[in-house]
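Keep the 3D view open as you read.

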Amino acid sequence: MEMIIKRGAEAEIILSEWMGRKVIIKRRVKKGYRIDEIDKELRMQRTKKEALLMAEARKAGASVPIIYDINLSDMTITMQYLEGRRVKDCIDEMEGREQRGICEKIGEGIASIHRNGIVHGDITTSNIIIHMGKTYFIDFGLGEKSSEREKQGVDLHLLMEAFKAAHENEELFNWVFDSYEKNFEEASEVIKKVEEIAERGRYVVRG
Amino acid sequence: MICLGIEGTAHTVGIGIVRDKPFEILSNVSSMYRPAAGGIHPRDAANHHASVFTDILKKSLDEANIGFGNIDLIGFSIGPGLGPCLRTAATAARALALYLGKPIMGVNHCIAHLEIGRAVTGADDPVLLYVSGGNTQVIAFMNGKYRVFGETLDIGIGNCLDKFGREVGMPFPAGPRIEEMAKRGKKYVPLPYSVKGMDVSFSGILTAAMHAMERERIEDVCFSMQETCFSMLTEVTERAMAHTEKAEVLLGGGVASNRRLQEMVRKMAEERGAKFYCPPGKVLVDNGAMIAWTAILMKKSGMEMGIEDTSIKQNFRTDEVDVKWR
């Protein structure tokens, strides 16, 4: 059984079976628009790095799917299937209290990966899945091993932009921030960076 | 309704005349400031705009074959852009509006690129890849506003190409020359591929490309620069399309005139079963017609602006605009 459940920007997400269990296979597909030299290198690097980061983030205590297999000839990672919904799809329907709980878990999760020297690189509300009450981070494809404040700041800034761009409740991100601060000693430095990054963005009105 | 639109955010001053029913661009005349050396000097650019203004105004009216009496609305680019250029266009717009006794409307330049693209190509709800000298943004409509899903974290793509061109002795704008050179490139020289989520950055590529010039052929460096930068832009555009679940992509801005970039975005759209739209060159670059058309949309949605509301906004963000016409 193999069923494509999502065609993302860079990979196909396939629902399949592996050793008798339901799994997700993430396959990085060839992009016809870019030359082979760029395409192959990007897909290979990203597949390797993603698998490594997922394993390390899990070790750090964040909720991340378990990896079962990695195959660099067809650029696939086989991982645990999570029955659940993306934060992007369900956060707007929730009650304020429930929203707050989810946002706090997101902040806590980001804090634990940052504390352990990992940045995700693409934290949007599409890349967080709620499964059995936990917030799972998926798609570490653009992540890296780094403890640079700048990169941690970009992580938070990106999530803030994703919240602002697609979700109504403007409180959501403050809850994420608050819990991030509670769970990461150096959070205040990162938050300072976020402000810097936001200002650096083009055409921000400086008041 | 017939609107005269004035564009003047950077190197180009343009006057376009647009009629809404049926939609037609009656004229679209512009003049571009080309610095003798170096990059755009805002004051010099503004002086250029002022000195050619009456000339292109006359040309625009002649081409449209109408007189001042036929004009119902004056539109102008209120921002974002270079202060002196914006002030020159705004002053001209105020003078015309007062002289003719017609309403005035200040238009966001980035959104104007998107709206004229929709009007001339028939795209309905696209993700716009807007690439010019100073601007590099991925914009889409969501919850009543045009929102920026991705953008450059440092310099605009056009700025990156122009700076490279200046260093290797190409005249401004360097994009077309780099495109020509790149066609003769054979070898890919690895350059830093810098995508952060849906954002991109170009300053590292610029530095690496300058270093590569010490040991590689210029054709190969141009080729590699285009391939790297445009792959990044295409990738973040695709990411925004996946994120917003939109099935149309539209190009805008001067850099979108590049055939290689068009080809890449078209291919990306094809592969994901989406529709690709690219307006013809004259409305792709900065022009007055896009300002005129967006002013009409704003006016017809019930928006009003008095002379006192026409102060320019150099840092006018795309997502600040309340989009009442959609």
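The model is predicted. It scores ipTM 0.88 and pTM 0.84. For chain B the mean pLDDT is 95, and 100% of its residues reach 70 or more.

Start with two helices of chain B. Helix α1 of chain B spans residues 42-64, and helix α2 of chain B spans residues 83-100. Their axes come within 7 Å and cross at roughly 20°. That angle falls under 35 degrees, so α1(B) and α2(B) are roughly parallel to each other. The crossing of the two is right-handed.

Which residues make this contact? From α1(B) come B:P42, B:R43, B:A45, B:A46, B:H49, B:A50 and B:F53. Across from them, α2(B) supplies B:G83, B:P84, B:C85, B:T88, B:A89 and B:A92. Sorted by class, the contact of α1(B) with α2(B) holds nine nonpolar, three polar and one charged residues.

Now turn to chain A. Chain A splits into domain 1, covering 2-80, and domain 2, covering 85-200. Taken over C-alpha atoms, the centres of domain 1 of chain A and domain 2 of chain A are 22 Å apart. How many residues does each domain of chain A bring to the contact? Domain 1 of chain A gives 14 residues, and domain 2 of chain A gives 14 residues. On the side of domain 1 of chain A that touches domain 2 of chain A, seven residues are nonpolar, two are polar and five are charged.

Key. Residues numbered from 1 in each chain as written. Chains lettered and ligands numbered in written order. Predicted model: local features only at pLDDT ≥ 70, side-chain atom pairs only at ≥ 80, totals over all residues. pLDDT = per-residue confidence, 0-100. Domains from an automatic or database assignment. Contact = placed C-beta atoms within 7 Å. Nonpolar A, V, L, I, M, F, W, Y, C, P; charged D, E, K, R; others polar. Axes fitted to C-alpha atoms, helices over the stretch in contact; angles between N-to-C directions. Helix = DSSP H or I, 4+ residues; strand = E, 2+ residues; numbered from the N terminus. Parallel < 35°, antiparallel > 145°, perpendicular 65-115°, else oblique. Left-handed = near helix turned anticlockwise from the far one by under 90°.
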